[in-house]
Amino acid sequence: MSKRTMFVRMVLSSILRRRSRVLIAMLAVAIGATTLSSLAMIAIDVPRQMAREIRSYGANVVVLPNGEDAGFAPSILTSIQNDIPANELVGAVGLDYEPVTINDLPYVAVGTDLNAAKTINPYWYVDGEWPSQPHHALIGREIAQATDVTVGDKLTLNQLVETGAQTPGTTPGEAPSPSALEPTDEMGGAAPGQVTNEAGKPIAPADKTVTDAAPGAGTDVRSLAITVSGVLETGGSEDGFVYLSSDDLVELTGREHMLTVAELSIAANESALDSIATRLSATYPEIKAAPVARLAHSDANVLDLLRSLMIIITLIVLALIMIGVSTTMMAVVTERRNEIGLRKALGAGNRSIVGEFLGEAVVLGLIGGVLGAIMGYGLAQVISFNVFHRTVVFQPLVFIATILVSVAISTLASLIPVRRAVDVDPALVLRGE
């Protein structure tokens with residue numbers, strides 16, 4: 001016990017006698033540990049948050065009717081939402097596409113939950129306001145330009161209930177064939193002029209274009225007067241659609257509300273999305289779910305790049321810690337060269353000298369690691385709040401790992417200086433050489 005006490009006293013007294021040099025090494029360890037701790041906490045917690053942020057780019061899972069069904073009940077979408085964990089589901093929206101005419105021009109009306117559509121598509125630019133009242137709707141920029149209407153104007157949507165001729169792939173009053181709603185991996189899957197949904201997926205057979213959206217003959221015309229609450233501009237196919245509430249679309253068509261397609265935004269990696277889609281398709285025989293592979297793969301790439309960047313920065317920080325500590329310890333060994341030579345001349349062994357210097361390195365790493373781990377958590381909070389507008393969760397394992405890594409790096413950085421201390425020749429030192 002007396003030997004251990006003496007060893008601790010020697011290490012601490014050596015550190016205290018060289019406070020200025022030791023302080024530099026300790027700050028190097030603390031700054032490195034701060035960076036290491038903050039990056040580790042961000043790397044663990046922020047990708048989960050970023051997965052939700054990235055979901056603002058659009059839905060990454062599409063749900064379609066199975067078989068020959070023209071649509072599926074909204075209750076199925078509700079059940080699907082309940083089956084997906086709340087911390088993974090960013091949003092979900094069901095869409096019902098119906099052909100309409102505006103001023104005798106053919107367009108497509110989309111009946112949906114407008115609040116859900118806003119949640120799942122936060123990047124949409126709306127000139128005006130999102131509809132909040134019955135008989136209010138969003139119209140795409142293309143429709144606004146073609147009909148020369150602005151926010152606050154009124155429009156009349158017309159639909160022919162009975163047609164004189166059946167359009168390809170549909171029956172009178174029937175929604176587009178589900179086979180035309182297959183999700184594709186590329187945005188360019190639609191033929192020229194073909195009707196597509198928000199994600200750029202075809203919503204009608206390839207031989208059915210926008211000019212066929214409304215039949216050219218009929219005897220029973222249903223109409224709905226709407227007020228334009230906002231003009232939608234996304235630069236995509238949405239600019240050619242009319243978005244209104246599901247209740248308003250039911251009033252226009254006179255038919256029960258059915259979903260032509262549902263879109264889900266799920267914060268999960270590519271393999272997890274595949275698993276979720278497979279499970280949903282097996283659980284609900286009325287539908288088939290498939291991930292939008294292009295978006296899922298893009299999400300994975302962004303998160304992988306983030307992790308890779310953090311790993312590279314961490315390695316650079318660790319290298320800087322080693323350089324800082326090694327330089328400081330080298331200066332300490334040079335300064336104590338006479339002392340080391342005298343101790344060796346009096347019979348001190350290499351093991352004793354190595355143990356003292358490594359003990360100093362451990363103390364430096366321990367104190368610097370503790371300070372760095374505490375400051376790292378604070379830095380991670382600042383970065384996460386300012387960049388992602390969220391706070392990170394404290395990770396006890398990261399705190400402990402930061403201290404252990406700091407001690408290990410500090411010890412490794414001292415090996416070369418310790419080697420020089422062991423090589424000191426007491427005879428040369430005593431002669432003043």
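Colleague: What does the accessible surface of the protein chain come to, and how much of it belongs to carbon and sulfur atoms?
Modeller: The protein chain has about 20,600 Å² of accessible surface, and carbon and sulfur atoms hold 60% of that. Areas are from the Shrake-Rupley method with a 1.4 Å probe, and for residues only the protein chains shown count as cover.

Colleague: What kind of model is this, and which pLDDT limits apply?
Modeller: It's a predicted model: local features need pLDDT of at least 70 and side-chain atom pairs count only at pLDDT 80 or more, while totals for chains, interfaces and linings use all residues. Residues are numbered from 1 along each chain as its sequence is written, and side-chain values use heavy atoms, with hydrogens and water left out.

Colleague: Ok. How many helices and strands are there?
Modeller: The protein chain has 13 helices and 10 strands. Those are DSSP runs numbered from the N terminus: helices are H or I with at least four residues, strands are E with at least two.

Colleague: And what percentage of the residues is buried?
Modeller: Of the 433 residues in the protein chain, 47% are buried. Buried means under 20% relative accessible area, exposed means over 50%, and partly exposed is in between (1.4 Å probe, protein chains only).

Colleague: What share of the contacts join residues at least 24 apart?
Modeller: Taking contacts (heavy atoms within 4.5 Å) between residues at least 6 apart in sequence, 81% join residues at least 24 apart.

Colleague: Let's do helices. Which residues of H6 are buried?
Modeller: Ser246, Asp248, Leu249, Leu252 and Thr253.

Colleague: What covers them?
Modeller: The cover includes E2, strand E3 (105–112), strand E5 (136–140), strand E6 (154–160), E7 and strand E8 (241–245). Just after H6, Gly254 has a positive phi of about 75°.

Colleague: What about helix H3, which residues are buried there?
Modeller: Ile76, Leu77 and Ile80 are the buried ones in H3, which runs over residues 74–83. They're on the same side of H3 because they cover an arc of only 100° around the axis. What they pack against is strand E1 (61–65), E2, E9, helix H7 (270–283) and strand E10 (287–291).

Colleague: Switching to charges. How many salt bridges does the structure hold?
Modeller: There are 2 salt bridges, counted when a side-chain nitrogen of Lys or Arg is within 4 Å of a carboxyl oxygen of Asp or Glu. Glu98 and Arg255 meet in one, at 2.9 Å, N to O. That pair links distant parts of the chain, 157 residues apart: Glu98 is in strand E2 (residues 89–102), and Arg255 is in the loop between helix H6 (246–253) and strand E9 (261–266).

Colleague: Is Glu98 buried or exposed?
Modeller: Glu98 is buried, at 5% relative accessible area, whereas Arg255 is partly exposed at 28%.

Colleague: Which side chain does Glu233 meet in a salt bridge?
Modeller: Arg141, at 3.5 Å, N to O. Glu233 is in strand E7 (residues 221–233) and Arg141 in helix H5 (residues 141–147), 92 residues apart. Both ends are partly exposed: Glu233 at 36% and Arg141 at 21%.

Colleague: Aromatics next. What rule decides a pair?
Modeller: Rings of Phe, Tyr and Trp (its six-membered ring) pair if their centres lie within 6.5 Å; planes under 30 degrees apart are stacked, over 60 edge-to-face, and the rest tilted. That rule gives 6 aromatic pairs. Among them, Phe394 and Phe399 are tilted, 6.0 Å centre to centre with 55° between the planes.

Colleague: Which residues form the aromatic cluster?
Modeller: Tyr97, Trp124, Trp130, Phe241 and Tyr243 form one cluster.

Colleague: What forms the nonpolar patch on the surface?
Modeller: Ile312, Ile316, Leu320 and Ile323, with about 410 Å² of accessible area together. Patch residues have over 30% relative accessible area and no salt bridge; like charges are joined within 9 Å, nonpolar side chains (Val, Leu, Ile, Met, Phe, Trp, Tyr) within 5 Å. Ile323 is in helix H8 (residues 293–335) and is exposed at 54%.

Methods
The arc is that of the directions from the helix axis to the C-beta atoms.
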